[in-house]
Amino acid sequence: MRLFIISNRLPLKAQRVGKEFRFSRSEGGLATGLDSLEMSVEKYWIGWPGLYTENEGEKENIRLYLEKFHFFPVFLSSRQIHDYYEGYSNSTVWPLCHYFFSYVQYDRSFWQAYREVNQLFCEVAVSLIRADDMVWVQDYQLMLLPAMLRTYFPAVSIGYFHHIPFPSYELFRVLPEKADVLKGLLGADLIAFHTHDYMRHFSIAVQRVCHLNFRFGEVRLLNRIVHADAFPMGINYRLYYDSILRPEVERALYQLSQNLGRYKLILTVDRLDYSKGILHRLKGFELFLEKHPEYWEKVSLVMIIVPSRDQVKKYADLKMKMEEMIGTINGEYATLNWTPIHYFYHGFPFEELVALYHLADIALVTPLRDGMNLVAKEYVAAKRERPGILILSEMAGAAIELPEALLINPNDINEIERAICKALQMPKQEQLKKLRRMQQVISRQTVNKWAADFVAGLQNIRRRNDVLGRK
Ligand code: GDG
């Protein structure tokens with residue numbers, strides 16, 4: 001059986017280096033999660049290779065290189081990147097789904113480009129897929145694609161996964177194109193979310209906007225049913241749990257301990273994004289320093305921010321404010337022997353990232369909204385048998401599976417400050433007990449299980465739809 005994954009980005013991105021191209025792994029939760037899938041099906045992938053070119057020769061070279069991995073590129077023009085990706089996807093849908101209502105931009109040309117690019121993805125897919133293939137569309141950039149594909153292939157198996165929150169109807173209803181978006185999604189047989197709450201919000205929106213009756217997670221259309229469900233995404237657990245056994249990770253850990261081992265370490269890892277609560281977190285850490293001079297020169301925050309969407313104004317503004325705050329805090333509290341915040345505006349190789357997870361006494365994960373948050377799960381797994389505390393926002397999808405974390409409301413900087421203190425004082429035995437319970441949960445709900453469950457769910461609905469179609 002062949003499975004076509006269709007996402008905005010391919011797992012490999014092309015970058016121009018002089019006259020050549022360099023290919024590297026794409027960042028972000030979707031790419032890291034799906035790329036590590038081990039499946040019994042033949043896997044193909046359609047997506048944007050992350051680079052803009054109008055040169056047909058260059059496109060051909062990129063295409064030839066990627067096709068060796070069964071990756072099929074969709075090339076976008078600079079206008080499409082601006083209006084579809086930075087525009088409708090990241091300046092309209094993203095803030096809406098993360099409850100940043102005042103950040104939402106409405107622009108007719110964004111919407112037109114969104115439709116046009118979804119159609120472009122559809123054309124590439126139609127040239128590749130066969131009626132007996134399975135298609136798995138990923139995320140909010142491609143919400144119109146399921147219905148577009150359905151017009152070409154009435155009986156093909158189509159699934160959709162929404163990696164970010166689906167907002168409550170009261171918020172979703174402000175979207176001018178809400179009916180088109182829902183109709184687009186309803187082209188799929190299975191529509192899945194990280195949590196039941198997101199799924200419930202979606203089904204209420206379908207009832208209110210499309211006047212369709214959702215019962216027991218299903219809606220009946222003319223000749224088929226559409227099923228909606230929660231499939232919490234996991235991580236490649238063994239990869240993180242066993243990572244410290246790798247000599248290169250052990251070496252990285254040794255280096256880190258030499259440089260930072262004198263201090264208690266609080267680690268934060270995010271893409272640059274206002275939804276991740278970076279400014280609130282910095283205020284919480286500043287309050288902690290202000291109220292607890294006894295921890296000066298004893299605790300440092302290591303902050304990794306992976307560059308993301310910095311062409312979008314809100315992201316560029318966030319970067320400026322964040323760096324200003326870091327500068328102010330370090331300027332106020334640093335001593336000749338101690339830097340309160342070690343800030344990195346770039347990604348780290350996997351080996352160094354997992355060494356940091358393993359070493360850090362505390363992971364501070366405080367998104368204001370987050371579909372799931374894989375960093376929280378990776379930290380718990382990478383600790384192996386070493387103590388550590390996860391401070392986790394109750395606004396992250398991951399909080400539902402990890403109630404043993406120190407759960408906080410990320411809007412309340414006093415709670416962040418108190419949680420840091422509590423974590424620093426927590427006995428080691430209690431840390432280990434909580435970690436073990438969380439490890440049990442995430443070792444069962446791995447990324448492979450997530451994908452296998454999704455594919456099984458999709459096959460099940462398709463079988464039922466085939467029967468309905470024959471009637
Ligand atoms: C979206 C949703 C949902 C980060 N820094 C480095 C690095 N990373 C990797 C992490 C992790 C991934 O990036 C980030 O995943 P998250 O889930 O935390 O966040 P988003 O990118 O916003 O992902 C999110 C996810 O999709 C999946 O559905 O959980 O809610 O927003 O895997 O390890 N990797 C390396 N170096 C870094 O410096 N190698």
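Predicted model: local features only at pLDDT ≥ 70, side-chain atom pairs only at ≥ 80, totals over all residues.
Okay, thanks everyone. I'll start with the helix pairs. Two packed helices are described by the angle between their axes and the distance between the axes, and those are the values I'll quote.

First up, α7 and α8. Helix α7 covers residues 178–185 and α8 covers 196–210; their axes come within 10 Å and cross at roughly 120°. That is why we call the two helices oblique to each other. The crossing of α7 past α8 is left-handed. Who is touching whom? From α7 it's Lys178, Ala179, Leu182 and Lys183, and they meet Ala205, Val206, Val209 and Cys210 of α8. Sort the residues of that contact by class and you get six nonpolar, two charged and no polar.

Let me stay on α8 for a minute. Several residues of α8 are buried: Tyr198, Met199, His201, Phe202, Ser203, Ala205 and Val206. Ala205 and Val206 you'll remember from the contact with α7.

Next pair: α11 and α12. These are residues 278–291 and 313–333, and their axes come within 10 Å, crossing at roughly 10°. An angle under 35 degrees counts as roughly parallel, and therefore that is what we call α11 and α12. On the α11 side you have Ile278, Leu279, Leu282, Glu286 and Leu289, and they meet Leu318, Lys321, Met322, Met325, Ile326, Ile329 and Tyr333 of α12. By class, that contact has 10 nonpolar residues, two charged and no polar.

Val354, Tyr357 and His358 from α13 make the contact with Glu378, Tyr379 and Ala382 from α14. The classes there are four nonpolar, one polar and one charged.

So is α13 mostly enclosed or mostly open? Seven of its 10 residues are buried, so the rest of the structure largely encloses α13. The buried ones are Leu353, Val354, Ala355, Leu356, Tyr357, His358 and Leu359. They pack against α9 (237–241), α10 (247–260), β12 (264–271), β13 (299–306) and, again, α14.

Last thing, two single residues. Asparagine 90 is in helix α3, residues 78–97. Buried or exposed? Asparagine 90 is buried, with 22 other C-beta atoms within 10 Å. Leaving out residues up to four places away in sequence, asparagine 90 touches Tyr85, Arg309 and Val312.

Then there's valine 174, which lies in the loop between α6 and α7. With 12 C-beta neighbours inside 10 Å, valine 174 counts as exposed. From valine 174 to glutamate 324 is 150 residues in sequence and 34 Å in space, C-alpha to C-alpha.

That's my tour, thanks.

Technical notes
Residues numbered from 1 in each chain as written. Axes fitted to C-alpha atoms, helices over the stretch in contact; angles between N-to-C directions. Helix = DSSP H or I, 4+ residues; strand = E, 2+ residues; numbered from the N terminus. Parallel < 35°, antiparallel > 145°, perpendicular 65-115°, else oblique. Left-handed = near helix turned anticlockwise from the far one by under 90°. Contact = placed C-beta atoms within 7 Å. Nonpolar A, V, L, I, M, F, W, Y, C, P; charged D, E, K, R; others polar. Buried ≥ 20, exposed ≤ 12 C-beta atoms within 10 Å, placed from the backbone.
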